[in-house]
Amino acid sequence: MELITGVHGKPHVTSTQHRAIFENIIGKGSYILNYGDLMDPELQSNQSLRIRSGVLFHHGSISEVKRNTYDEVTLINGSQGMKRIDLVVARYTKSPDTEIETMTWTVIQGVPSESNPAVPEYTIGNMQEGDLVDDCPVFEVHIEGIQVTQVVKLLDILDGSLAELNEKLKEKQDIITGGASTIATKNLAAKRALISNSGGKVAVASTTATELEYLHGVKSNVQTQIDNKNNLKCRTTTHMVAFEWTGDNKFLIIVDNTVVATLKNGTNI
């Protein structure tokens with residue numbers, strides 16, 4: 001085991017070790033840190049792009065365009081009647097001989113197209129795994145004809161320090177409050193409908209999921225539909241009702257000595 005953060009009497013901390021520390025503090029992705037002008041792009045002409053001050057974080061490495069300065073990137077001319085998307089990447093390189101590492105702006109030219117230009121490919125590497133080339137796409141440059149129409153920043157701004165994050169964590173809500181507080185730490189009875197109880201909290205109703213399913217497909221008020229079916233009115237009167245079997249497979253219903261219905265054998269009343 002080697003002590004990295006200790007005095008050895010000679011240089012011993014490698015860039016890989018240094019980047020590993022930052023990867024575990026900031027993250028393993030690529031970001032623009034909240035510093036300077038946030039690397040905002042300024043198009044000077046169709047052949048010139050200025051990148052304002054800022055700090056780029058990529059696979060643990062940190063690169064800077066110093067405050068109150070800018071980097072100038074030369075763009076590649078477009079062609080009449082064609083569209084193209086170019087990439088401006090921050091390219092990490094490491095010399096296999098000297099082991100010297102650099103980070104430089106590089107423009108990768110896309111393939112011209114009449115309608116739907118594609119973003120060009122770039123070198124996907126990881127310096128932490130020993131790759132000698134590791135591109136970080138930072139901007140897309142959209143070109144129509146000979147005009148640059150748009151410069152798109154591709155990286156998120158990593159806003160806030162650890163101290164600011166700590167302050168935000170202090171303000172967070174420790175526990176669930178409000179109507180959902182009754183279901184924050186335990187499961188509910190299975191296959192039951194949920195209601196708002198007298199205290200305004202989520203609670204389990206006596207209605208089961210199966211009973212609730214009976215309402216599936218209902219298109220209007222159920223009570224109204226029932227009321228419309230119950231529209232037969234009965235009137236209480238005094239009549240003499242008689243039933244007579246005629247012997248020829250017929251059954252007579254007689255009201256006040258008048259036959260009101262004749263049913264054949266086997267007919268349900």
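The model is predicted, so local features need pLDDT of at least 70 and side-chain atom pairs count only at pLDDT 80 or more, while totals for chains, interfaces and linings use all residues. Residues are numbered from 1 along each chain as its sequence is written, and side-chain values use heavy atoms, with hydrogens and water left out.

**The nonpolar patch**

- Helices (H or I, at least four residues) and strands (E, at least two) are DSSP runs, numbered from the N terminus.
- Leu169 is found in H2 and is partly exposed, at a relative accessible area of 46%.
- Here, buried means under 20% relative accessible area, exposed means over 50%, and partly exposed is in between (1.4 Å probe, protein chains only).

**Salt bridges**

- The count of salt bridges is eight, where each one has a side-chain nitrogen of Lys or Arg within 4 Å of a carboxyl oxygen of Asp or Glu.
- Lys28 pairs with Glu23 at 3.9 Å, N to O. Lys28 is exposed, with a relative accessible area of 57%, whereas Glu23 is buried at 10%.
- Lys153 and Asp40 meet at 2.6 Å, N to O. Lys153 lies in strand E8 (residues 147-153) and Asp40 in the loop between strand E1 (30-33) and strand E2 (41-45), so this pair ties together parts that are 113 residues apart in sequence.
- Lys153 is partly exposed, with a relative accessible area of 25%, and Asp40 is partly exposed at 34%.
- Arg52 and Glu42 form a salt bridge at 3.7 Å, N to O. Because Arg52 lies in strand E3 (residues 48-58) and Glu42 in strand E2, the pair ties together parts that are ten residues apart in sequence.
- Glu42 counts as partly exposed, at 33% relative accessibility.
- Shared partners join Asp37, Glu42 and Arg52 into one salt-bridge network.

**The largest pocket**

- A pocket is found on a 1 Å grid over the protein atoms alone, as an open set of points where a 1.4 Å probe fits, with protein on both sides within 12 Å along at least five of seven lines; lining residues have an atom within 4 Å of a point.
- The lining includes Ile25, Leu33, Asn34, Asp159, Leu162, Leu165 and Lys168.
- H1 and H2 are the elements that give two or more residues to the lining, and H2 gives the most, with four residues.
- By type, the lining divides into six nonpolar, three polar and three charged residues. Ala, Val, Leu, Ile, Met, Phe, Trp, Tyr, Cys and Pro count as nonpolar, Asp, Glu, Lys and Arg as charged, and the others, Gly among them, as polar.

**Backbone angles**

- Most residues other than glycine have a negative phi.
- His59 has a positive phi, near 50°. His59 sits in the loop between E3 and strand E4 (61-74) and is buried, with a relative accessible area of 13%.
- Asn68 also has a positive phi, near 60°. Asn68 is in strand E4 and counts as exposed, at 76% relative accessibility.

- Asn126 and Ser181 are 55 residues apart in sequence and 46 Å apart in space, C-alpha to C-alpha. Asn126 lies in the loop between strand E6 (101-108) and strand E7 (133-144) and is buried at 17%.
- Val204 and Asp135 are 69 residues apart along the chain, with their C-alpha atoms separated by 55 Å. Val204 is in strand E11 (residues 202-208) and is partly exposed at 27%.
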